[in-house]
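Please open the model in your viewer and have your selection tool ready. We will take a short walk through it, one selection at a time.

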Amino acid sequence: MYEGDKIEAGKKNMVYSLTYQAMDRTLTDDEVNKAHNKLRDKLVANGDIVLR
């Protein structure tokens with residue numbers, strides 16, 4: 001988490017690292033992209049999060 005002079009007052013910059021995996025096989029790029037986009041859409045729908 002970063003809060004500093006380059007971030008607007010009252011805002012926070014957060015970075016996450018995610019791992020997408022299945023226990024029984026390798027996921028395809030399409031499967032990972034769909035899961036990632038679904039997560040991004042839910043975060044943005046909340047209204048409090050701005051993705052860069």
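Predicted model: local features only at pLDDT ≥ 70, side-chain atom pairs only at ≥ 80, totals over all residues.

Start with the whole chain. The protein has one helix and zero strands. Its radius of gyration is 15 Å, well over the 10 Å from the globule rule for 52 residues, so the protein is more spread out than a compact globule. Along the principal axes, the C-alpha atoms fill a box of roughly 45 × 20 × 15 Å. Of the 52 residues, 2% count as buried.

Next, colour by charge. You will find 9 positive and 9 negative side chains, with the centres of the two sets 2 Å apart.

Now select residues 29–45, which make up helix α1. Its 17 residues should span 24 Å at 1.5 Å a residue, and the end C-alpha atoms agree, being 24 Å apart.

How many salt bridges does the structure hold? There are two. For one, show D30 and K34, whose closest N and O atoms are 3.4 Å apart. These residues are four apart in α1, so about one helical turn separates them. K34 is exposed at 57%, while D30 is partly exposed at 45%.

For the other, show E31 and R25, which meet at 2.9 Å, N to O. E31 is partly exposed at 29%, and R25 is partly exposed at 44%.

How values were computed. Residues numbered from 1 in each chain as written. Heavy atoms only, no water. Helix = DSSP H or I, 4+ residues; strand = E, 2+ residues; numbered from the N terminus. Rg over C-alpha atoms; globule rule 2.2 N^0.38 Å. Buried < 20%, exposed > 50% of the residue type's maximum accessible area, 1.4 Å probe, protein only. Lys, Arg positive; Asp, Glu negative; His and termini not counted. Charge placed at Lys NZ, Arg CZ, Asp CG, Glu CD. Expected span 1.5 Å × (residues − 1). Salt bridge = Lys/Arg side-chain N within 4 Å of Asp/Glu carboxyl O.
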